[in-house]
Amino acid sequence: MARKVAFITGASRGIGKACAIDLADAGYDIAITARTVTEGEQREHSPTVKRSDTSALPGSLDSTAAVIEQAGGKVMSVQADLLEPHTLGAAVTKVLERWGRIDVIVHNGRYIGPGHMDRFLDTPLDLLDKHLDANVMAPLVLTRAVLPQMLERGDGLIANVTSGVAWMEPKAAAGEGGWGLGYAISKGALHRVAGVLHAEVFDQGVSCVNVEPGYVATERIAQDMARFGYVASDGAPPDAIGAAVAWLAQGAHAREWSGKVFPAQDICARENLLPGFEPVESPG
């Protein structure tokens, strides 16, 4: 029997990297995508239009792949950009041509850049478009590319990494503990996808789940978000989310959670997937 394959976006760091590593540990061959291939690459990642920040963020596809390979796993790195749809189709095509299947897709990657922490009148409308293109349309492009072969096999998991901003109201304005409109409307739109797809494809064997990671101590939170009141050390370790997603992908768990919000931190604690872990409270 062919080994199962998991495809993870935004896998150069943070939650995506953790998901890739834990799914590899669970026996999946891993395809990872992101923009950053090697450590030290520089591109704009400031959350606000008020300043620029092109300093290198920790993490890369090479680093994620190295961890998986050192543990004996099989991994394929494919550079792709959520704002360039042709790279997404090419990434899926490469994986399917080489490995013949994609059993799990984790839509973790999202728009990184200005507009995330800006107020409405300070946010150029084209940045709202970028949020929607990267956070909503890119996952749909990828899902259209992987779903037919899942339906043909009668099995598969589509995991959309959602956010509490999809249903919570901010306690303050962007930059003062809240978040920008682009992040909210794009995550809100993505959040609606799993339920619609569940209604269409669950009876054909494919599960569609909203994965809620909660507040997580990612590299970007540590480097970019402290000045907006977000303290990385207060977040959960990315491994807690990776372990929960790997658990979701095994057995019949995805069938149980299809069409629902999967509280990754709660499941990690309930199933003792990361010994000693306790869920953390989200700010905002």
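1. For the packing discussed here, axes are lines fitted to C-alpha atoms, for helices over the stretch in contact, with angles from 0 to 180 degrees between N-to-C directions. The model is a predicted one, and in it the axes of helix H1 (residues 14-25) and helix H8 (residues 238-248) come within 7 Å and cross at roughly 45°. H1 and H8 are therefore oblique to each other, and their crossing is right-handed.

2. On the H1 side the contact is made by Gly14, Ile15, Ala18, Cys19, Asp22 and Leu23, which meet Pro238, Asp239, Ile241, Gly242, Ala243, Val245 and Ala246 of H8. The residues of this contact of H1 with H8 divide into nine nonpolar, two polar and two charged.

3. The count of aromatic pairs comes to three. One of them is the stacked pair of Trp247 and Phe262, at 6.1 Å centre to centre with 20° between the planes. This pair links distant parts of the chain, since Trp247 lies in helix H8 and Phe262 in strand E7 (residues 261-263), 15 residues apart.

4. Phe262 also pairs with Trp257, here edge-to-face, with 5.4 Å centre to centre and 85° between the planes.

5. As to accessibility, Trp247 and Phe262 are both buried. Phe262 counts as buried because its relative accessibility is 0%, and Trp257 also counts as buried, at 14% relative accessibility, because the cut-off for buried is under 20%.

How values were computed
Residues numbered from 1 in each chain as written. Predicted model: local features only at pLDDT ≥ 70, side-chain atom pairs only at ≥ 80, totals over all residues. Heavy atoms only, no water. Helix = DSSP H or I, 4+ residues; strand = E, 2+ residues; numbered from the N terminus. Parallel < 35°, antiparallel > 145°, perpendicular 65-115°, else oblique. Left-handed = near helix turned anticlockwise from the far one by under 90°. Contact = heavy atoms within 4.5 Å. Nonpolar A, V, L, I, M, F, W, Y, C, P; charged D, E, K, R; others polar. Phe/Tyr/Trp six-rings, centres within 6.5 Å; stacked < 30°, edge-to-face > 60°. Buried < 20%, exposed > 50% of the residue type's maximum accessible area, 1.4 Å probe, protein only.
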